[in-house]
Amino acid sequence: MAQYKMHLLVCGGTGCRASQSEEIIKNLNTEIKNLGLENDAQVVTTGCFGFCEKGPIVKIVPDNTFYTQVKPEDCEEIVREHILKGRKVTRLLYEDPETHKHVEDSKHMGFYQKQLRIALRNCGFIDPENIDEYIARDGYAAIAKIFESMTPQQAIDEIKKSGLRGRGGGGFPTGLKWEIASKNSADQKYVVCNADEGDPGAFMDRSILEGDPHSVIEAMAICGYCIGATKGLVYIRAEYPLAIKRLQTAIKQAREYGLLGNDIMGSGFDFDIELKYGAGAFVCGEETSLIHSMEGLRGEPTVKPPFPAEKGYKGKPTNVNNVETFANVPVIYLKGADWYNKIGTEKSKGTKVFALAGKINNVGLIEVPMGITLREVIFEIGGGIKNGKKFKAVQTGGPSGGCLTEKHLDTPIDFDNLIASGSMMGSGGMIVMDEDDCMVAMAKFYLEFTVEESCGKCAPCRVGNKRLHEILEKICAGKGTEDDLEYLENLSKVIKDTSLCGLGQTSPNPVLSTLENFYDEYLSHVKERRCIAGSCKALKLYTIISDKCTGCTACTRACPVGAITGEKRQPHVIDADKCIRCGACYDKCKFTAIHVQ
Amino acid sequence: MNKIKSLDDLRKMKQSLEHGMNIREKSNSPESLVQIRVAMATCGIAAGARTVMNTLIEKIEKEKIPAVVTQGGCMGYCYAEPTIEVKVPGKDPVVFGNVDSKVAIEIVDKYIVNGELIDGVIPTNYQTINEQK
């Protein structure tokens, strides 16, 4: 093997590919060839680095130079300056938003300093389409260790001891789940990987599958060995073409190496994996719906019990875990349950991957130990709120979760604390909102999503969510009353109590948590017909400040509905009843005489 | 490709593959390794820095020394090229001048492994930007 002096790691995740990272890889290779440096430098396509805000990313090792927002035309300079002459291309280095200094290497970036990457250990580090790189990093060594020294029960005990809980949202103890499935005997059992990531703004599972597919394959095989299943199924949404492609490549390579198939590594254990594509329905994240969808039926939930561990896919015992849960498994065996157990809080062990999105400086994918505070995540790793605005709230757990506010900033994040704060961990989406975001509109947005995604099987969810959404629409349109607020709360509770599956049981959460944390904002919508954040269009009030108005008539001509009247060179007035709040007058006025409330 | 038929196969395979990932693994914890920086500006390259760098990389690979070799820009000692800077964990960095392949091996054997200084040390009286707080 050639003795390379450096590796150029280029992000090949969906985000960076969308901004031409494939082109960058091509150009880097061409330039390296032009300068005859083929034996010195190797270009590697990796998975997501997490720093999606500033993609495409090119990281050079061993000196850890972190180039951001690289364009295909920058490649020549990178190779000529950095690879050939050892001079960093300063203008492409990450610039610290506070000090405005360029950061020499990724070890000194605030974004990475507080992170602990377990599930993402190989993302942005190995080439996901090359099984050799995974094996070189102890890949498949966990399952080898189990074959060598553990019975299925011992292997289950190790996971139980580690304290790993399901990362898909529920937080159910993984070891216990495996144990239940292992105790139900049947001629065939199944291991299912839930890759139906559906929360708006979440991309944790996609990034793991794109960046490190083998860790999920290995973990599924381990789970199969533990519960006595020989077949694995990955339920993945068809909207993830790159993740599907990488997973297919990985499965093919694992089969070629004999790491999937019959008699894996001479252990006598058989296991193989098949992909099942979902059409992207949020309800299919719920395990019973997911199983029905895999069976070719409608993606509708059924009452539990029976749990999938008793009667799942094709009526056989089935263990369903989420992608991120699986990605943690091999490390637990390699480093030991005791090591894993020491990370995190008392009841939530290990780390959690979050997808940071919304009004935050560093949009991206992060992995942090449980117990970190929201403040550290948002202000230290996330780099604070965009454009120096004020932090207002963060929605965790997607449409099933709730919002957390300023008063929760110092609460350690774990499964139980988030629930106690009126939200939930969910799968790990974190959408940050600033002072310009209206919380009523936010709740309306999520309800719109759940109304769309409700399967329609049970009435509380099908009808109730629709009604909730209608009331929220009414409030945003400035037609709400105080009685509506009470009705919202009551209806929300009824939907939660009476819905069949997790979707309906959690869908009113955004309404309840905004009612609790931002009741004033609701009140000002219904009582004063005002939207404090200024985002509900129907509640905006345009007026002319008569002292500033010169009577130039520019606004009169701009107004599409003739709502502005007045004599030339005299202050004008806006008729609020005619005004459609389009803002044309505001844009036109040269004297800042238009006031928006 | 051959199938992995046993645990031994997997281990052997890992050993042969580890090598290719070495420089990436090392980049994870540079502060705990000996860091060798070869000045690779035009004058350095002209004086043979590339050969020196190759020699160093081969040497540390062969002897399995926990060190990482990176390249840097011009350090300003154009009269003494090729120059290399060696930073042993816990010690101040030392700059060596007029390093050819022979000297490079001597530096590894004597300074890095045994901690003895050898001739050719350039006294440094500068502060790097990283050290400024």
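**Helix pairs, cysteines and a buried helix**

Helices H17(A) and H18(A) lie roughly antiparallel to each other, a label for angles over 145 degrees on a scale from 0 to 180 degrees between N-to-C directions. The axes of H17 (residues 439-453) and H18 (residues 459-476) of chain A cross at roughly 150° and come within 9 Å. Here helices are DSSP runs of H or I with at least four residues, and strands are E runs of at least two, numbered from the N terminus. You are looking at a predicted model, where local features need pLDDT of at least 70, side-chain atom pairs count only at pLDDT 80 or more, and totals for chains, interfaces and linings use all residues. Residues are numbered from 1 along each chain, chains are lettered from A, and side-chain values use heavy atoms, without hydrogens and water.

Let us stay with this pair for a moment. H17(A) brings residues including Val440(A), Leu447(A) and Val451(A) into contact with residues of H18(A), among them Leu468(A), Leu472(A) and Ile475(A); contact means heavy atoms within 4.5 Å. By class, nine nonpolar, two polar and four charged residues take part in the contact of H17(A) with H18(A).

Next comes another helix pair. H19 (residues 482-498) and H21 (residues 509-517) of chain A pack at about 140°, with their axes 9 Å apart. From H19(A), Leu485(A), Leu488(A), Glu489(A), Ser492(A) and Lys496(A) make the contact, and H21(A) answers with Asn509(A), Val511(A), Leu512(A) and Leu515(A).

Now for the cysteines. A disulfide is a covalent bond between the sulfur atoms of two cysteines. Cys531(A) is in no disulfide either, with the nearest cysteine sulfur, that of Cys438(A), 3.7 Å away. Cys226(A) is buried, at a relative accessible area of 4%, and Cys531(A) is buried with 4%; buried means under 20% (1.4 Å probe, protein chains only).

Finally, turn to helix H15 (residues 374-381) of chain A, where Leu374(A), Glu376(A), Val377(A), Ile378(A) and Ile381(A) are buried. Those buried residues pack against helix H4 (110-113) and several strands of chain A, including S9 (351-358) and S13 (429-434). After H15(A) comes Gly383(A), with a positive phi near 75°.

Technical notes: Parallel < 35°, antiparallel > 145°, perpendicular 65-115°, else oblique. Nonpolar A, V, L, I, M, F, W, Y, C, P; charged D, E, K, R; others polar. Buried < 20%, exposed > 50% of the residue type's maximum accessible area, 1.4 Å probe, protein only. Disulfide = S-S within 2.5 Å.
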